[in-house]
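Work through the exercises below with the model open. Each task is followed by a solution in steps.

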Amino acid sequence: MTHNRVFLFALAVIFSAPVLYHCQQLSQNAAADICAEAMRCRDCIVSDPSCAWCEDDDFSGKRCDSLMNMQTRNCGNITFPTGSVNITKEAELKDADNNGEAVQFTPQQARVFLKVGEPQVIRLQVRLAKDYPLDLYYLMDLSQSLKPDIQNVKGLAEGLERELKNLTTDLQLGFGSFVDKTTLPFTLFDVTCLNDGCCLSCDPPFSFRNQLPLTNKIGIFKESVGNVSVSTSLDTPEGGLDALMQVAACEDQIGWRDRARRIVVYATDAGFHMAGDGKLAGIVQPNDGQCRLDPVTNVYMKSTEQDFPSVGQINAMLREKNIVPVLAVTQNTHYDVYAELKQLIEGSQLGPLASNSLNVVRLVTNAYKQITSEVNVGDTSPDNIDISYTSYCDAEGPVPGSSKCIDLLLQQVVEFDVEILAQDCSPNGGQQTFTIRPFGFDESLTVIADVICSCDCESKGIKDRSLCSSANGTFTCGQCECDEGRYGTECECDSDSGSSPEDMSSCIRQNSTNVCQLRGQCICGQCVCSNPEYFGQYCECDYSCEKFQGLPCGGQQRGECYCDTRTLERECRCKPDYYGSACECISSTKDCETINGLLCNGWGNCTCEGKCQCETDSPFRGSKCDECPTCVGQCSSFQDCVLCQVFDKGPFTGEQCDMCKARITLVDDVKKLSMVNDTDFVLCEYRDDDNCTILYTYQLQDNGSYTVLVQSEKVCVSPKDGGRRTQVPWIWIIIGIIAGILLLGIFIIALIRLWIFIQERREYAKFEQERKGAGWNKSDNPLFKPSTTTVMNPMHGKALE
């Protein structure tokens with residue numbers, strides 16, 4: 001099964017390679033077309049990430065092209081900026097120290113250089129710290145409908161403290177209340193009822209009052225809640241959004257800490273007014289999102305001057321101030337409205353509020369656990385920059401498009417890849433700064449983004465008469481950028497004069513009627529080709545030479561594509577080390593030479609690409625055909641050189657023998673060398689036709705060359721030595737084997753025949769013995785009838801026979 005999969009995969013690669021190559025070529029051509037439209041360097045580098053600009057003064061054709069094409073066209077000074085990421089501040093994650101400071105989010109600051117259309121990635125790490133400080137502000141609707149809940153809220157302090165202390169030991173509580181704007185049609189406009197919202201039975205109406213700033217003294221919280229009284233309003237919706245805006249905007253008055261998790265509990269049983277509702281009272285000034293609390297009374301002062309804030313303003317303010325709202329709403333007709341509001345406020349929580357508010361403690365603790373068990377990352381990126389996320393929440397791997405991790409444990413580290421992509425240059429230009437932060441955290445990553453929208457060479461423009469036709473332009477980035485009303489490669493043309501017939505005729509090739517071969521425009525009597533693939537005086541030539549490895553003439557390192565302007569024939573002019581129709585071949589055979597001086601060890605051919613192609617029927621393999629899996633060491637590599645140089649034998653010709661690079665030294669006895677260094681000793685033997693053995697060995701020198709040590713005398717064995725090493729002709733061996741088989745067959749047949757003879761003798765003797773011992777009865781058989789019959793004649797006295 002595994003072999004089948006490998007085979008199918010190989011087939012897929014083989015058949016898909018041309019398709020992939022074709023797709024790559026189409027992609028490059030499409031990029032080249034996009035790049036060709038740019039006429040200036042700054043327009044070139046933002047048109048497509050693959051576009052590059054050529055600054056060479058003598059460069060011909062379009063200066064904006066893909067980087068690969070620009071390199072093929074032999075541009076020496078290419079402008080091709082790339083993006084980068086530089087992390088400038090990255091503190092390590094840690095739990096809260098003695099000062100209550102913890103690091104839950106890193107890095108903290110980064111400088112990013114963005115090329116339009118080319119994304120850059122930053123890796124974020126988030127870990128929920130243990131025992132992190134908590135600021136909890138309880139914002140309560142004090143309209144008369146919630147009057148029964150006041151006494152229950154007074155008892156919340158101890159319950160909140162007891163439950164939240166299990167989650168964090170650093171806790172602060174605060175309390176605020178709201179009703180509605182103090183004007184018709186929101187509240188009664190009667191002087192008496194303004195002083196007494198319930199007309200002599202309630203407190204005067206107000207928009208928002210900060211009853212108690214955040215404090216760690218729970219007793220003061222209980223006392224503050226116990227001193228409040230309800231008020232009243234006319235319509236059903238309340239001014240809760242006014243209160244939320246002031247709670248978020250007035251950081252100092254509320255007492256929010258910089259290094260703490262911030263939660264506001266919004267408790268109500270009614271709906272809410274939003275932007276536009278103020279017109280009912282003639283209030284048209286939009287809410288400015290500023291803190292407008294009276295420093296003495298802690299009451300919102302601009303309720304009758306500014307409209308209610310919009311939901312978008314509330315969402316932006318809560319996100320900016322890092323405040324998580326918990327919407328505690330009674331389950332009535334307004335609950336669905338707040339469910340929709342939750343979708344519009346990022347990071348918010350929603351829960352049902354019991355009719356007597358007794359479940360507030362459980363609601364708050366559940367919301368806190370929910371907030372502290374998930375991480376949701378957001379950003380404030382500008383319109384021209386796109387941000388996408390990939391989350392790494394657990395061992396299952398990355399989740400593209402996800403910016404959220406849930407069901408987390410304390411001190412569990414999760415990661416996010418933030419991909420930052422500039423769609424275009426900012427209309428305001430310059431640096432752009434934005435933040436990336438998890439909702440509910442007071443830590444963030446500040447990103448300073450620089451979108452690359454200009455070229456360095458543009459700041460080096462020269463206003464020179466000799467370069468741009470009487471200084472009618474500025475020589476910038478290798479070309480003239482003409483002043484208004486001028487055009488041409490050197491700003492030599494006036495846009496008011498147009499192109500004369502004489503100018504047009506100089507753009508038409510001989511024996512042709514097409515201006516610039518329909519591949520460009522005639523400007524001031526000169527063809528300007530519309531595509532960088534075309535060049536020449538009339539745009540008559542292109543780079544359609546044969547290609548090697550996808551590049552014309554194998555690329556600029558191997559050769560150049562030459563076009564004959566008369567015949568329009570294309571050919572590759574290869575550089576000295578290359579040859580072939582596409583410069584695909586390498587002149588040098590150095591990579592094919594082996595240590596014996598032969599090409600491919602004499603067992604293969606050196607291809608035009610400078611690689612060895614070994615003979616299929618040889619035992620040698622490898623890049624130089626010098627590896628023999630069935631051979632021992634390098635003996636076979638030196639064998640032919642030893643035979644020809646020492647004993648004048650072997651397959652090598654005289655020329656081949658002279659090419660041997662191995663250094664040969666004669667010794668008296670090769671075997672004695674093993675006594676000096678037997679660890680590196682390899683004894684090589686070769687039996688020649690004279691029944692003699694040639695002994696030699698080799699040694700690797702420090703400079704990488706080999707020294708071959710050859711025993712000067714061959715070891716020969718005569719037939720008098722007992723025939724132990726005498727070679728027997730193979731024909732006699734075959735005859736002996738055949739004769740042995742025949743004799744063995746005859747012997748077996750004789751044994752079988754002898755066994756059959758003995759068995760027959762035994763059976764015959766037994767038959768004779770039984771025959772002699774038998775006793776036969778000699779009386780006539782009653783069934784026997786004789787052949788003659790005697791008849792008696794009664795008329796005569798004796799019988800007639």
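Predicted model: local features only at pLDDT ≥ 70, side-chain atom pairs only at ≥ 80, totals over all residues.

**Exercise 1.** Determine in which sense strand 14 and strand 19 pair, and over how many bridges.

Solution. Strands here are DSSP runs of E with at least two residues, numbered from the N terminus, and two strands pair if DSSP finds at least two bridges between them. Strand 14 covers residues 375-379. Its pairing with strand 19 is antiparallel, with 3 bridges. Within strand 19, Pro438 is the bridge partner of Val377.

Residues are numbered from 1 along each chain as its sequence is written, and side-chain values use heavy atoms, with hydrogens and water left out.

**Exercise 2.** Find how strand 19 is joined to strand 20.

Solution. Strand 20 spans residues 445-452 and runs antiparallel to strand 19, with 5 bridges between them. Thr446 in strand 20 stands opposite Thr435.

**Exercise 3.** Explain why strand 19 is described as largely enclosed by the rest of the structure.

Solution. Buried means under 20% relative accessible area, with a 1.4 Å probe and protein chains only. Strand 19 (residues 432-438) has 7 residues, and 5 of them are buried, so the strand is largely enclosed. For the chain of 801 residues, the buried share is 40%.

Notes
Buried < 20%, exposed > 50% of the residue type's maximum accessible area, 1.4 Å probe, protein only. Helix = DSSP H or I, 4+ residues; strand = E, 2+ residues; numbered from the N terminus.
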